[in-house]
Amino acid sequence: MNISKRSSSHQKVMDVRTLTKIAIMASIQSVVFTIFSQILYLEGITFTVCLFACAFKRNEAIFASLIFGMVNMLIQGINIWTMMYVVIYPTYSLIVSVLKPILLKRLGFMVFICGLLSFATGQLLDLPFILLSKEVTLFYIILGLKTSLIQGCLSAFMCLLIFEPCLKVLNKIQGEMK
């Protein structure tokens, strides 16, 4: 069954299987975000976004991250941080999916990218607050940088340990779905 608008341009459509896959990925991202937000410094959502961008098609990974961001905003409330998630994680999905051919050949580069993106998340989330005043900027630079560095290192370590086994499982699931 295809969901589409009939038009003369014959737009590419998403079938129910693809929409379901995107919904499941967004749900997993939401669960990972919620669970790991209870553990200081350990941030699993960036790893999950990177993993999905390597395991699935570009549009599926981007849409899943976008839906996760919107669901997170509804759950956590509409504020600057949650609005940033709607921008940051789909962008990460795009970056990783573009780099996928290289990342799948070099685990070390994948680990570096995951750690870098995790580090960048903290910095990007602080950006709107940093722009408010000099005092706030100094506070966020001192405290935020330390947190982002630890978070980035832990995400890179997580990626090093479980990226390949998780990717194998997702690839197996994908093969069974066809």
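Cys159 counts as buried because its relative accessibility is 0% (buried means under 20% relative accessible area, exposed over 50%, partly exposed in between, with a 1.4 Å probe and protein chains only). The model is predicted: local features need pLDDT of at least 70, side-chain atom pairs count only at pLDDT 80 or more, and totals for chains, interfaces and linings use all residues. Residues are numbered from 1 along each chain as its sequence is written, and side-chain values use heavy atoms, with hydrogens and water left out.

**Around Cys159**
- Cys159 sits in helix α6 (helices are DSSP runs of H or I, at least four residues; strands are runs of E, at least two; both are numbered from the N terminus).
- Beyond residues up to four places away in sequence, Cys159 touches Phe47, Leu107, Met110, Val111 and Cys114 (contact means heavy atoms within 4.5 Å).
- Met110 is 49 residues from Cys159 along the chain, yet their C-alpha atoms are 7.7 Å apart.

**The largest nonpolar core**
- This core has 35 residues (a set of buried Ala, Val, Leu, Ile, Met, Phe, Trp, Tyr and Cys joined through side-chain atoms within 4.5 Å).
- Phe47, Cys54, Tyr89, Val96, Met110, Cys159 and Phe163 touch the most other members.
- At least two core residues come from each of α1 (16-36), α2 (45-55), α3 (58-76), α4 (80-103), α5 (107-130) and α6 (134-177).
- Helix α2 gives the most, with nine residues.

**Confidence**
- Mean pLDDT for the chain is 87, with 89% of residues at 70 or more (pLDDT is the predictor's confidence in each residue, from 0 to 100).
- Confidence is highest in α2, at a mean of 97, and lowest in strand β1 (residues 2-3), at 50.
- Residues 3-10 have pLDDT below 50, and this stretch has five contacts in the model beyond near neighbours in sequence.
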